[in-house]
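Subject: A structure for you to look at

Hi there,

Here is the structure I promised to hand over. Have a look through it first, and then read on for what turned up.

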Amino acid sequence: MAAYRYPQLLPLLLSCVCLCGFGSVLGLKPVSGPAELPNPPNPPVLRAVNPPAKDAPAAAAAAAGASQPRRATSWKLSEEAACQEDLSRLCPKHTWSNNLAVLECLQDRREESEIAPDCNHLLWNYKLNLTTDPKFESVAMEVCKSTISEIKECNEEERGRGYLVSCLVDHRANVSEYQCNQYITKMTSIIFSDYRLICGFMDKCKEDINSLRCGSINVGQKDVHSQGEVISCLEKALVREAEQQDHSYPIKEECKRAILRVAELSSDDFHLDRHLYFSCRADRERFCRNTPAGEGRVYKCLFNHKFEEAMSEKCRDALTTRQKLISQDYKVSYTLVKACKVELRKHRCNLDASLPRAREARLSYLLLCLEAAVHRGRPVSGECQGEMLDYRRMLMEDFSLSPEIVLHCRTEIEAHCSGLHRKGRTLHCLMKIGRGDRSTAVDGICQSALQTLIQATDPVADYRIDRALNEACESVIQTACKHIRTGDPMILSCLMEHLYTEKMVEDCEHRLLELQYFISRDWKLDPTLYKKCQGDAARLCHTHGWNETSELMPPGAVFSCLYRHAYRSEEQGRRLSRDCKMEVQRILRQRALDVKLDPDLQRRCMTDLGKWCSEKTDTGQELECLQDHLEDLVSACREVVGNLTELESEDIQIDALLIKACEPVAQAYCHDVADNQIDTGDLMECLVQNKHQKEMNDKCTVGVTHFQLVQMKDFRFSYKFKMACKEDVLRLCPNIKKKVDVVLCLSSTVKNDTLQEAREQRVSLKCRKQLRVEELEMSEDIRLEPELYDPCKSDISRLCPNVAFGNAQMIECLKEQKKQLSPRCHQRIFRLQEVEMTDPELDYQLMRVCKQMIKRFCTEADARNVLQCLKQNKNSELMDPKCKQMITKRQITQNTDYRLNPLLRKACRADIPKFCQPILNKASDDSELEGQVIACLKLKYADQKLSSDCEDQIRVILQESALDYRLDPQLQMHCTDEISRLCAEEAAAQEQTGQVEECLKVNLLKIKLEACKREVLNMLKESKADIFVDPVLHTACALDLKHHCAAITPGRGRQMSCLIEALQDKRVRLQPECKKRLQDRIDMWSYAAKVAPAEGFSDLAVQVMTSPSKDYILLMIALSVCVLFLVGLLCGRITKRVTRELKDR
């Protein structure tokens, strides 16, 4: 029974009544006291405040019975006939002698227990007498004397109308006197049982009660004992009005204030909210049996169990109504007001004159104000923060407590989120569609309401506020974030760091991203960021002029300002503090996981996302897609994507997915730069350089390559290149943005300055160094060179469909299939080879395959002479076979066209136009000459007509091609079939010792193809000019050369002539092998002279000078000349004599 819930109140009130001299009213004997107080009120007479409409006879009978003359000192409620039956049925016998105990017992009866109408009416008149009788009022004046004088409003109330007691009830929170407080508490329980007993309430809300049909104020039309239902009806109407746009029956402002005031006054004791009390009595016993009444404790306990399965729907509805009132006016919460009273005053949370009073009283406004104080580091007591936490959790659990959500998101809730009311599921459903695409996006007003709610609840400060998130992510927190204190703001950051990892579960991932979408739109919602950056924001972004709780701050504006300053150099000035920069980097890395977490990016790129990236829904794909279509984006989207990409180039750790994928290779090869707080592009450069290490996985390779491809779109996207070359670009390559074009522009400038031997390079040294890095990176993947990749796309799909990009494999494939390429692709590949031969460092495959050999043989060689060095050491026993094979490939390429051999081109720049101009006239600039020019020069070498520099280079080529027939493109082109037919075994051996050439020479008579025969004859002719050109003969005669021709200078056939003379000299004994090989050569040359006679006098002279019988031939020619001379002299004398005789006649 309720009577026992106030055991400490009854003795005090009874003693007060006795002192007042009307103990008879309560059925007690008077006791002496220090003061003479007025007599008690008369027994209740049924004064109809409003005339009865029905049950009038019964009421009259009750009135008659109640007003019969009796002694005032002995009147008791239990003796009244109207209530005797109910009393004996509902109340214990020991309470019958105490009128107030009887009153409490009957007021707090069980819901299913009905009380007779006459008894109801009798009780109400009794209570009305207590509150309005001047004599009873005098008790209040005596007990609360000092309190009345302190409370101005109560001191000025007119006496005798019952207003004084109601006023004291209104201000009971300010009552400090113990006896007065106990008295007022008891009177409160009496007054709140009927709205008509609350001072002024009936006057203020009479019209609204009637218009809203909340019940009649006439006695008899409704159970007057349960008039708390009227207040409940008004409260529900007040809540409903806030949740609906069309206000059919708008409640008057003064009634609204009265309703909220009643709710506020009943906030400490749930008995005073009569509707809630009757609705939740059973639930209170079930969930809060041990929770003492008073100070809002029962309310709080019931709130915490609101969504329990065992909670009755009627109680849950009553609690929800109560919570909705709290959300409209925070003062309806006794515990919150009590705990935060000092903070509210200190931080001026209810003194914002620029906002209307209704807005100021909102729970969300209060929470925003106090949260701002906490974020700014201002003192807020632990008790107050605990209350804030409870109410923030309450708002997150039940969307219906936020009238703006109910009002503005009704359509979305009905369409997408019905049936998800409990535990915050509806809010997360709304957040899910709020961050979705246009087809399911929420209305702008609903979006704003959601944002306001997230700001008010501030779930980042303590993830437990969001029950749906807490339940979904509990397992992840226990494993991945167990090192962080429970409730710490960094829990959410930890969860973001483990997004898309094996520790993350799908449900947690969804809830986390739904919440982060709204958090990312207000920088203050991240308490760590706010704490570390509030000074920087005020200094750099001028946030000090914005109200912390206003809605005037543009979404994402402050954070955009912060990250613009985060990566400024010292020269640019106005940089962020170190702590703030680290926080900005942390947020940027989290936002990079999803484009929707970047408000500016999503807003500007919504159209482009739908147009270009609708199918790119996997993690990180949307941003990659926007970067891939950078040129196609609208200007606003292109700008924000460009800015973000530029930031990533400076600090690639912003791309958290890439960094996570590349962690193994970064730890193995880039640990010295990966651990740096400031990146400046070093980490990405290291990843590119180690892209093909065994620790590199597919995800990392794809990510690094994608970033390289994106960098090609704008030189600003390569941070180190931008910083090193920005001044050079502005000066030498203005109006060029694409990185590949900038690199070509600067490279051409460097090349021209070098060729012209300019006194001073126009490109700065630091830019030239970084330019070299960029050129090397571009050589690794054909896609990084659009001018090469675009013309060759069809050839790639046709000729190299199964070859992977990267590691220059695709370029190598195209080089090997060069003869089958389309004209445009062939032309580009030829130009690429020309550049690579000039600068072998740009030949990625050569540098990769021969990396160790370069370190072994060519450490002191100039970078541009690396290939030449490798060629010189090609036949070393220490040479790696793979590298040797690669060198041979490059030699074959060089010999196809003199333009691919920079040394030859330079040495023979005068000889080529002199001797080979007809070949040049027939060819175009972009077509390959298939070794024709080099073949021409070889013949002139045999004729000993070349300049010394050109002769040296041709000799090297002849020596190389003599060992490997593949290095002679003309021979290979014309003799392929003959080699297969006659020298298949030698060709299959692939021994680069000249065996194939020797086979062709030996089988010269069997060769059927004239073109091939001509090439073999040319070989024979070339070998006469220098023994080094004939490796088989040179090997056989090496000892004889050393013994007999050591003093003879090599070249121009001198050593060959020395050996032939030694062969003819019977006194000289040559090695058998040398003698045999040399005799074979003489026979071949003789045959060659017959088969291929001299084409002119010059060829004849060369043949004579290179013939083994040179001396004999010259002697015979000299004798012939002498004979002719003598004959001429003789014939001349005869002719002269005849002519003179004719003249004499």
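Let me start with the largest pocket, which has a volume of about 1900 Å³. The search ran on a 1 Å grid over the protein atoms alone, and a pocket there is an open set of points with protein on both sides within 12 Å along at least five of seven lines. A cavity is a set of points where a 1.4 Å probe fits but cannot get out, and lining residues are those with an atom within 4 Å of a point. Grid points are joined across faces, edges and corners, and a volume is the space filled by probe spheres set on the points.

A word on the source: this is a predicted model, in which local features need pLDDT of at least 70 and side-chain atom pairs count only at pLDDT 80 or more, while totals for chains, interfaces and linings use all residues. Residues are numbered from 1 along each chain as its sequence is written, and side-chain values use heavy atoms, with hydrogens and water left out.

Back to the pocket. Its lining has 45 residues, and Lys-751, Val-835, Thr-838, Asp-839 and Arg-864 lie nearest the centre. Helix 41 (739-755) is one of the elements that supply at least two residues each, and helix 45 (823-838) is another. Helix 41 gives the most, with 10 residues.

About 170 Å³ of space lies in the largest cavity. This cavity is lined by 19 residues, and those nearest its centre are Gln-516, Ile-519, Asp-526, Ile-587 and Gln-590. Two or more lining residues come from each of helix 27 (490-497), helix 28 (506-519), helix 29 (527-540) and helix 31 (578-591). Helix 31 gives the most here, with four residues.

Now the overall picture. The protein has 64 helices and zero strands; these are DSSP runs numbered from the N terminus, with helices (H or I) of at least four residues and strands (E) of at least two. Of its 1145 residues, 52% count as buried. Buried means under 20% relative accessible area, exposed means over 50%, and partly exposed is in between (1.4 Å probe, protein chains only). The accessible surface comes to about 54200 Å², with 51% belonging to carbon and sulfur atoms; areas come from the Shrake-Rupley method with a 1.4 Å probe, and for residues only the protein chains shown count as cover. Among contacts (heavy atoms within 4.5 Å) between residues at least 6 apart in sequence, 63% join residues at least 24 apart.

Next, the charged pairs. A salt bridge here is a side-chain nitrogen of Lys or Arg within 4 Å of a carboxyl oxygen of Asp or Glu, and the whole structure has 71 of them. Arg-393 and Asp-390 are separated by about one helical turn, because they are three residues apart in helix 21. Asp-390 is partly exposed at 25% relative accessibility, and Arg-393 is also partly exposed, at 23%.

Another pair joins Asp-488 and Arg-485, with the closest N and O atoms 3.4 Å apart. Asp-488 counts as buried at 18% relative accessibility, whereas Arg-485 is exposed at 57%. Further along, Glu-998, Lys-1001, Asp-1030, Glu-1073, Arg-1077 and Arg-1081 are linked in a network of salt bridges.

Two loop residues are also worth a click. Glu-295, in the loop between helix 15 (274-287) and helix 16 (297-304), has a positive phi near 55 degrees without being a glycine. Arg-348, in the loop between helix 18 (334-346) and helix 19 (357-360), has a positive phi of about 50 degrees and is not a glycine either. Arg-348 counts as exposed, at 55% relative accessibility.

Happy exploring!
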